[in-house]
Amino acid sequence: MNFGYTPEQEALRREVNAFIAEHVTPEVLHDKEAQDDQMHGSGVADPFGPNMRELYGKLHARGWLGIAYPREYGGQGGDRISQYIVEEAFMRVGLNISLSGSGAPAIMAAGTEEQKRYYIPRLISREITFALGFTEPHAGADLANIRCRATRDGDHFVINGQKIYTTSGHLSSHIYLMARTDPSLPKREGLSIFIFPMDTPGITVRPLWSIQNNPRAPLGTTYGEARTNETFFDNVRVHESTLLGGENKGWKVAADGLNLDRVGAFRYVMSIRRDEDMVNWVKTTELEGYVDNPAIRDKVAELWIEAQVCRLMTMRSMSIVQRGRDFTYEGSAEKVWAPEHGVRTTEAITQMLGPYGQLLRGSPYAVEDGVFAHNVLGAFQSGVNHGGVTIMRDQVARRGLGLPAMRRPKAAAN
């Protein structure tokens, strides 16, 4: 593939950057930072705020939301590289306008025609937003061991159980939920995905305040959310039409959806932004001992080269999906490389900055408003969120290299 941009794509990039300079105001960024302060019940709060909502309206009017989605579902029928260009520019000012993590890729891949025609246009316009209901307290990132139960009752299902780390559960209109529908089947075969409104009776959302809450992480922090949630389901009754991909098909739907979710600017910029921040700081700092320090220069260059690997993997994935080729393990490979690169980068930056790199936001001596220190607090989260790297390595081995499933050793006899 060609890793450069066409003249038309370069013109789009300039247009987007000019739009950002004019319309991404301090008021818009304040709306973004204020999301965690909303303590409303599920399905009630505005997930954007009035200024962000106005910005999204302008973006939607320009056709910049959902560029690569088909026109019949509210998109522009364009190419993924153009969509990447728009999303990358906004990610660099701290705004994620992509549909990564929204459920849209999974709905496009596994949804019925009715589900696609209902959800995709509303996801593009941001009328609907999804919280992801995967992780459970006892299972962590091991989705095969989830216990949240969906019991069939005629043409409905009754859901009981608990999810944790449903980060946008207090803001989202809907939830994308994995539940166990047949406990008699092997663990990976008895799971299903449901999509339904968060104001369905029986749902309770409670806040869990993160380590980034006090002080609040500055905009641009990787995993800087001040709030996540635990969500409880008490006899939540949903129609069978809320199933995505069919009953007991949830493992494949989830795996394919998560894989597709990793394609695009959101995951890429999140992975390499720490490198860029450090490069920019070293180039502009007036403190002695940084620009001319050969050890720092070598380490920054080494990390920058690793960051370019993230970009090449992202471009490869987009090319595969754009051409309709079989996309199996590539997203998982990205999910291994990028988070581990992020941890290495965060640790190296901490060593370069010394004690000042540990000062959080609000300290008069904090470097860059404490963004590097706050990144340290969230660094290891990236290796677990959205699929742990150990699980992703297994996906690469099985789906990419064709290796058999790992044989677990039998417990020793007493």
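**View 1. Confidence along the predicted protein chain.** The mean pLDDT (the predictor's confidence in each residue, from 0 to 100) is 88, and 94% of residues reach 70 or more. Helix 2 (residues 26–33) has the lowest confidence, a mean of 81, while strand 8 (residues 243–244) has the highest, 98. Residues 39–44 fall below 50, and beyond near neighbours in sequence this stretch has 13 contacts (heavy atoms within 4.5 Å) in the model. Where pLDDT is low, the predicted coordinates should not be read in detail.

**View 2. Helix 8 against helix 10.** The axes, lines fitted to C-alpha atoms over the stretch in contact, lie 8 Å apart at an angle of about 25 degrees. The two helices are therefore roughly parallel (angles under 35 degrees). From helix 8, Ser271, Arg274, Asp275, Met278 and Trp281 meet Ala338, His341, Gly342, Thr345, Thr346, Ile349, Met352 and Leu353 of helix 10.

**Notes.** Residues are numbered from 1 along each chain as its sequence is written. In this predicted model, local features need pLDDT of at least 70 and side-chain atom pairs count only at pLDDT 80 or more, whereas totals for chains, interfaces and linings use all residues; side-chain values use heavy atoms, without hydrogens and water. Helices (H or I, at least four residues) and strands (E, at least two) are DSSP runs, numbered from the N terminus.

Technical notes. Axes fitted to C-alpha atoms, helices over the stretch in contact; angles between N-to-C directions. Parallel < 35°, antiparallel > 145°, perpendicular 65-115°, else oblique.
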